[in-house]
Amino acid sequence: MTEQPETELLVIGGGSTGAGVAWDAARRGLRVTLVDRGDLATGTTGRFHGLLHSGGRYVVKDPDSARECASENRILRRIAADCIEDTGGFFVTTPIDDPAYADRFLAGCAVADMPVAEVPVSEALRQEPLLNPRISRAFAVEDAAIDAWKTVWACVRGAAAYGARILPYHEVLGIRVERDAVVGATLRNSLSGAEVEVRAQCIVNAAGAWTGQIAKMAGCHVGVVPGKGVMVAMNHRLVNTVVNRCTMPGDGDIIVPIRTVCVIGTTDVPVEDPDQIAPTQAEVAEMMEAGEALVPGFSRARALRTWAGARPLFPKGDASGKVQDTRDVTRSHSVIKHGQVDGVGHLISITGGKFTTFRLMAEDAVDAVCAELELDSACTTAEVPLPDSEGHHFYWLGARQESMEERVHDDAVICECELVTQGDLLSAAARRPEQQLDDLRRGLRLGMGPCQGGFCSYRAAGLLHHDNYYDRGQANQALGSFAQERWKGQQTVLWGQQLRQARLDTWIFQGILDLEHIPA
Amino acid sequence: MTGVEVSPVEWVRGSLDQCVKCTICESACPVMEVTGLFLGPKTVGPQAERFRTGGHSPDHSVDYCSGCGICTRVCPQGVRIAEINSRAKAQLRVEHGGRLRDQLIARPEVMGRLARPVAPLFNWAMSNQLLRAVGQRMVGIHRLAPVPRATTRTLQYRLQRRRPRRPTTRRVVYFHGCSTNYFEPRVGLATIAVLEHNGFQVEVPRQGCCGLPLQSNGLYPAARDYIRRLTSQLSKPDLAGLDVIATSTSCGLMVKREAIEILGVEDRSLEDLASRTYDIFEFLRARHDAGELRTDFVEVPLTVAYHAPCQQQNQQIGKPVLDILSLVPGLKLVELDRGCCGIAGTYGTKVEKYDIAMRVGAPLFGDISEVQPDLVLCDSETCRWQISHGTGVASVHPVEILYKAYGGR
Amino acid sequence: MKTEVLVIGAGTAGLTAAVRLAQAGVKVVVVATGAGSLGLAPGTLDLLGYAPQVVEDPLGTLPEFVSDLPEHPYARVGVQHVRPALEWFQTAVADLGYQGDLERNRLLPTALGALRPSALVPESMAAGEVGPGTRILIASLRGFRDFFPQLVAANLAAASRGLDVRSLEVEWSGDPSDLAPQRLWRQLEQPGVRRLLAASLRSGLDGAAAVGLPAILGRDQSGDVRRDLEDQIGRPIFEIPTLPPSLPGLRLFDLLKGALRRAGGRLVLGESATGFKAGGGEVVAVTASQPPRVEEYQAGTFVLATGGVGAGGIEVTPARQAREPIFDLPLAGVPRDPQDWFGSDYFAEQPFDRAGVRVDRSMRPLDPDGEVIYNNLYVVGAELAGAQPWREKSGEGISVVTAVRAADAILEAAR
């Protein structure tokens, strides 16, 4: 980026919050530039379990958050249907849950204006045959599965249609403050190494778990506590409905069916560095064991992969403190106007919150920006469908299979586990040629199925070389680092079938292709 | 998931977790090899299953799966691919309905009963090219597809006039299957004679269809009714605990396993029945291993080629036909080693699948032509009809050779 | 079922042992969960490729190799048994024309364009050992998704300075299902289809002295398929093995199956052995508990060829307990702390990689004190401890050599 290093609003952070801010602000007529140090949705947004909360989890413990979730759930279903699979959700009282909680739960739902209906246990079991047959009560709620990557990219495509500039792979090195206000930032293009100065009238710090690190560049303090949450993806959907334990929020009490897998989560442990959050074997074992309460036999089903995300927890009213138990920190969000708090004007930090409330977070942040810039404008994002959601059709799981069968005689399937075709891969590459193979993976789900890239990574590298996106060295390198990246997420689940899979994949890469001896 | 009480059907579905995408099933699938209409067992089985939620089916090509079961048999990881495919086909049926044809051909017992009183007319009609062409257009059964010959004198009818034998304590139940009763009673007569020769008293209760063709055509509720009815017919109190002998390897597999794992029939008496059900040659080999099989054979100077049907191999009993018939003097016994004859029950009779079935069977037909046997031996009736159709060589159940070897005519 | 020898596992090791025994007149039954791993194997007979540097003379390197690794299967077998075993195997699968010199590894291209050292290669791949000064053409069918001639050519050129490599994509079909490997193998068995391919190759030769193609040249009569193409284009052709389904491996499977059948052996697929019965310090039967009932396989001798971790011969529970699931044989080489099993560098040796069953010189399993557990049980192939076949490029060598050794030990014991 060398032309026009000037913008009205610089948004730092390409997760859901930042993308939502870009969309909202662009619609309000602001000239927006969005930056992220990596590809979009690679922070916490790309690492959560995909749950669009009904609010039920918080009705007793955090009623404000519950009400926000319930309200935003309705809105997102209206504006982001293409990103959402309407799985519905159950809250169930398992044998290890306090039966009295269920009544508090129901009362809380009413207060939060959250739809809920008790269903007979037999009906819940009919719908979900693997659910624990010993549950005593079941409640149907409006939980759903939401695709974070799709949502983020829908927001930024929408923003780009209004002139926003989207810059992944641009890391913020410093923020320039002149006379009590921010005036711009120094960025480095992490692909080319080039540095560039950007002038901005206003900056929104939407860097999630890294909000504190960014604020520090402007001499401000934001006491975000990264809360590590470990998740395990299981090889197939053991349930097709979101299932929650009807109890006070704890670890490993939700299973979310999302795309072709189901995800169990999660833990909540404060950490220092949101980039150092690799799951340990003990944490993974804890999650596998936790799944037994909801789905007996869970711990012996095939685990595909594990990862952790770092929640941006921001204790309300305590801008600096450490907390004893991050479970107790509110999940509602905070807008920090640094002009008021730190004397650094035109810098807004938005932190806390959840994916489910990202639109509301963005609305509050952009309202603050408009106030800062003395602009009179109203948010419209609650009414306007995101790109591709105009038809108001929810995503359904079978779509890829159906589409694959329709195209199978014209377009070769490259990633068979997740049904990614040659056309899908090459058009994604054409749209953004700078993408690394791992970024293509994130968007297409290439290599995210059972074989974890054992077959498709070779095909993808070969195709991208064939079509001149990669030269020989880049193709080899892509294959090697893809294999390394896939290994990272499997390391702590190498038992049973996934270990057998890993052995086969190793046999392919090393035994057949001899990848490790490829010339540099 | 082991060690947990999941139903057999859920267990079968859960076996998709064992798939490591190794493609071994695809390299053995006889249908995928000959047509691009079928995307292969891995693709439509454990792979597609991850995209199915039990709601609206996203599938089309799984319809071309023949159900031969070779995929499950060769899978080194134990994925129940064919079973998963069968259930996916049934779901397609539920959503898209099916052809009337499938309702017809899935009920051989009904067809046999209707054809019986007019057997000569039925047989003439089935061999009349004009009528067959009309049948192809109106019903969808390919005009060249092999069909059985009806008879007025079914097995059950002939058994009514059987001379009573001296009763012994060694009683077994004979599960003959629709085809033996209505189309090939001589197989049943030969079987009973062979068993009696070895000192067994053979009980042949009135019995109906096992429901396999209904299952393989995705008509699960009707199939369940049939198998339940058959179970009670074969499990009458005076037959309790007896070994049950099956001569049709497809029907035998249905009772042994498929009704439980595919249809999901949860029935103690069916499980009990399954645990006592044996293929005829499996049974005879066990008798031979115990030193109990009579070997007073006469010479049978024939060259015969044995094709083990897919459903026989899916019983995992080896090839006891070879083990037993290798004892018969004078018999030149050649083992054929090609996957599938193509018919796959009713699959190869359908107008849209006949050509595929014939291409599937072509290598086997070629091997048979090279051997030039007097007879082809095969334990499954539909396979026999397909093989004769594809090669012009007569095909019989191997028990008929054993019957000959014991001096029968 | 009753038999003399029961072999569990239908991979290279299991079928090799079974064929050796059956050809010696022994009644053999092979049971296996499925069709074994040959469909995954590149189809070369690799003795030893890397130790960890590239090995030029595998047979000559073995003595030093095994003295550094006394737990390695080659060490357990004894180096003196290697040549006879491999030579016998070559004759058992003579139709594939395995050739080579155990004292000189050939460097053959992989589907990525690396050069992989192999001791014995089938005739279909032999022309792939190319040297500088000759131009070779790497070709494929456009749309065949498991092989990329441009990338192979580019990497080969970088690997081997002075090598003149071109690539060619032959127009074939716009319908990807026509390019499924299983269909291509069969189609190329038809002369008419071959003529089309030959014509395109001829016109794209561009002065090449030899042509490399992905391994799709016919499952049956593969030699005829390739020779016919060679005649038509007037150049040697070599196959390059690629992702599974691996045709060269499947040809081996077909031949071994056929050899077993002709020698009177039986193969029961889809049968998972799950337990055993012992009596008098010996194994008397192996049980398989697939519905509708438990089956017993009684035999005098048993061979365990279940393929190690990748094939389910060694199971690992979520609690990281590793076990051999049929006989519960003790495993060697399992690091005590599961945290230590795997490291974070994918391409490094993983501490768990060499876990397996430890055996004596006759391939009988040993307990931690070095005592033979069952006199009539033998363990062969990838189930054995001490090797990393995918890194060493030693998989087929280990399978064949240990299987032949076990078979011979069984025959000796019978005398």
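The contact between the chains takes 28 residues from chain B and 29 residues from chain A, where two residues are in contact if their C-beta atoms, placed from the backbone, lie within 7 Å. The model is predicted: local features need pLDDT of at least 70, side-chain atom pairs count only at pLDDT 80 or more, and totals for chains, interfaces and linings use all residues. Residues are numbered from 1 along each chain as its sequence is written, with chains lettered from A and ligands numbered from 1 in the order in which they are written.

**Exercise 1.** Find which helix gives the most to the side of chain B that touches chain A.

*Solution.* Helices (H or I, at least four residues) and strands (E, at least two) are DSSP runs, numbered from the N terminus.

**Exercise 2.** Give the strand order and the edges of the open sheet in chain B.

*Solution.* Strands pair if DSSP finds at least two bridges between them. The 4 strands follow the order β2-β1-β3-β4, with parallel pairing. At the edges, pairing on one side only, are β2 (201-203) and β4 (277-279) of chain B.

**Exercise 3.** Describe how β3 of chain B joins β4(B), and state which helix packs on β1, β3 and β4.

*Solution.* Strand β3 (residues 243-246) is joined to β4(B) by 3 bridges; in one pair, B:Val244 has B:Thr277 as its partner. Helix α15 (residues 249-261) of chain B touches β1 (171-175), β3 and β4, and its direction makes about 155° with that of β4(B). Axes are lines fitted to C-alpha atoms, for helices over the stretch in contact, and angles run from 0 to 180 degrees between N-to-C directions.
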